[in-house]
Amino acid sequence: MFDRHQDLKTIRRCKRGEEAAFKEILERYRGAIYNLCYRMTRNSEDARDLGQEVFIKVFSLLDRFDENYAFSSWLFRIGTNHCIDHLRRNRLRFLSLDGGVGPDGEEYEFQLPDTGPGPDTVLQRKEALERLEEVISDLPPHYRAITLLRHDQELSYEEIAEILQLPLGTVKARIHRARNQVQQMLAARSYDI
Amino acid sequence: MNGKNKNSGPPLTCDGCREGLQEYLDGTLDKPESLRFFLHLRECSGCREEHDRLLGLFQMLDSLPDHEVPADFDAAVLASVPYAAYQAMEPLRRERVPVFLEEAFLPRFVRARTVRLVGVGVASISAALALRGDGSAVLPVLVVAGLVPEILVRLQGLGRRALESMGRAES
Ligand SMILES: [Zn+2]
């Protein structure tokens, strides 16, 4: 999906300090990173701050970028980790409301009673997508990230494994569990999509 | 599981179908395995219902709407880039080499020392056999193919060295 070769050329120009090259990278990736951050946090201000921080970090670390890997993988790795760190830091804020930490350090969520429209309501597609976004944003952060990388960024399992530095089998197992959880949460909230 | 023998795989059970349905929809199963799912789904309305539900979810997940990036997004980022530091570091960087002369341009397995050694070994053995008069038509092909990784790596090295000496002549 992303052109690895073209990225490498642009990154080389960035390393020479060419402002235009940084603009090109932003042009290519700001939408993907902003949307990743938005869906991780479901808050446009957080998404803007986090997205900007990701690019600032990446642009200051270009000398550490290993050219054996795709730039997009490195960028998404930094982006994903940055969002997850942010969610961890702010966890106390939400803890009492909708979650806790399991023994293995992964967050789990409690089901809240549903106050949304019942199954009889005919939802428009747009509304259905909003409900789905809401459910995704209530997934534990790791599941959230993996779901977004797969479905929103349309990356292959192999690419996701490279981004998250996880074995392929773990990536598959996690995404399967994430989808199952989405289905369960949709059902629990009587969201019919 | 059932990769090797296409025709001997037992028909899929409903449990097996439910368990592998996501992989089936992801398109990551091999063909014979995929065919078992296809056949089961054709016969079993219960699993087909589950299949359709999951497919709907996949399609929804794939079509989440994009949110528009705030207009002022770039400014803060671009203002923070250490342009001067990068420009200052530039002369220290040995490269300025065209991408096709970069090591990373060749796939990693081509650059691997073992692959190159094995290639040269295969080529020499094939050459020796061919010289002894073993008339197999495969041998010349093996000679050429075996040498390819080594030659590619060496050509890159030559190119880089040529560029470096040109660079020295310039400055
Ligand atoms: Zn069945």
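Biologist: How much area is buried between chain B and chain A?

Modeller: This is a predicted model, in which local features need pLDDT of at least 70 and side-chain atom pairs count only at pLDDT 80 or more, while totals for chains, interfaces and linings use all residues. Residues are numbered from 1 along each chain as its sequence is written, chains are lettered from A and ligands numbered from 1 in the order in which they are written, and side-chain values use heavy atoms, with hydrogens and water left out. Buried area is the accessible area (1.4 Å probe) that two parts lose on being put together, summed over both. Carbon and sulfur atoms give 60% of the area buried between chain B and chain A, which is about 4300 Å².

Biologist: How many residues of chain A are in contact with chain B?

Modeller: Contact means heavy atoms within 4.5 Å. Chain B contributes 44 residues, and the number in contact with them on chain A is 51.

Biologist: How many salt bridges does the rule find across the interface of chain B and chain A?

Modeller: A salt bridge is a side-chain nitrogen of Lys or Arg within 4 Å of a carboxyl oxygen of Asp or Glu. Over all chains this rule gives 25 salt bridges. One such pair is A:Arg30 with B:Asp74, at 2.8 Å from N to O. Across the interface of chain B and chain A, the salt bridges number six.

Biologist: Which element gives the largest share of the side of chain B that touches chain A?

Modeller: Between chain B and chain A there are 17 residue pairs in polar contact, both residues being at pLDDT 80 or more; a polar contact is a pair of N or O atoms within 3.5 Å, where within protein one must be able to donate a hydrogen and the other to accept it, and residues adjacent in sequence count only if both atoms are side-chain atoms. The elements of chain B that give two or more residues to this side are H1, H3, helix H4 (73-80), helix H5 (83-89) and helix H6 (108-111). Helices (H or I, at least four residues) and strands (E, at least two) are DSSP runs, numbered from the N terminus. With eight residues, the largest share comes from H3(B).

Biologist: What geometry does the site of the zinc ion have?

Modeller: Donors are N, O and S atoms within 2.8 Å of the metal (3.2 Å for Na, K and Ca), and sites may look incomplete because water is not among the atoms. Here B:Cys14 (SG), B:His40 (NE2), B:Cys44 (SG) and B:Cys47 (SG) coordinate the zinc ion at 2.1 to 2.3 Å. Four donors count as tetrahedral if all angles lie between 85 and 135 degrees; four count as square planar and six as octahedral if opposite donors are over 155 degrees apart and all others between 65 and 115; anything else is irregular. The angles among the four donor atoms are 100 to 116°, and the site is tetrahedral.

Biologist: How are the donor residues of the zinc ion spaced in sequence, and how many residues apart are B:Cys14 and B:Cys44?

Modeller: The donor spacing is C-x25-H-x3-C-x2-C. B:Cys14 lies in helix H1 (residues 14-26) of chain B and B:Cys44 in the loop between helix H2 (31-43) and helix H3 (45-62), so the pair links distant parts of the chain that are separated by 30 residues.

Biologist: Is A:Arg189 buried or exposed?

Modeller: A:Arg189 forms a salt bridge with A:Glu134, the closest N and O atoms being 2.9 Å apart. A:Glu134 lies in helix H6 (residues 125-137) of chain A and A:Arg189 in the segment after helix H9 (168-188), so the pair ties together parts 55 residues apart in sequence. Buried means under 20% relative accessible area, exposed over 50%, and partly exposed in between (1.4 Å probe, protein chains only). A:Glu134 is partly exposed at 21%, whereas A:Arg189, at 10% relative accessibility, is buried.

Biologist: What is the relative accessible area of B:Arg154?

Modeller: B:Arg154 pairs with B:Glu150 in a salt bridge whose closest N and O atoms are 2.6 Å apart. Both lie in helix H8 (residues 138-170) of chain B, four residues and therefore about one helical turn apart. B:Glu150 is buried at 13%, while B:Arg154 is exposed at 56%.

Biologist: What phi does A:Arg42 have?

Modeller: Most residues other than glycine have a negative phi. A:Arg42 is in the loop between H2 and helix H3 (44-60) of chain A. Although A:Arg42 is not a glycine, its phi is positive, at about 55°.
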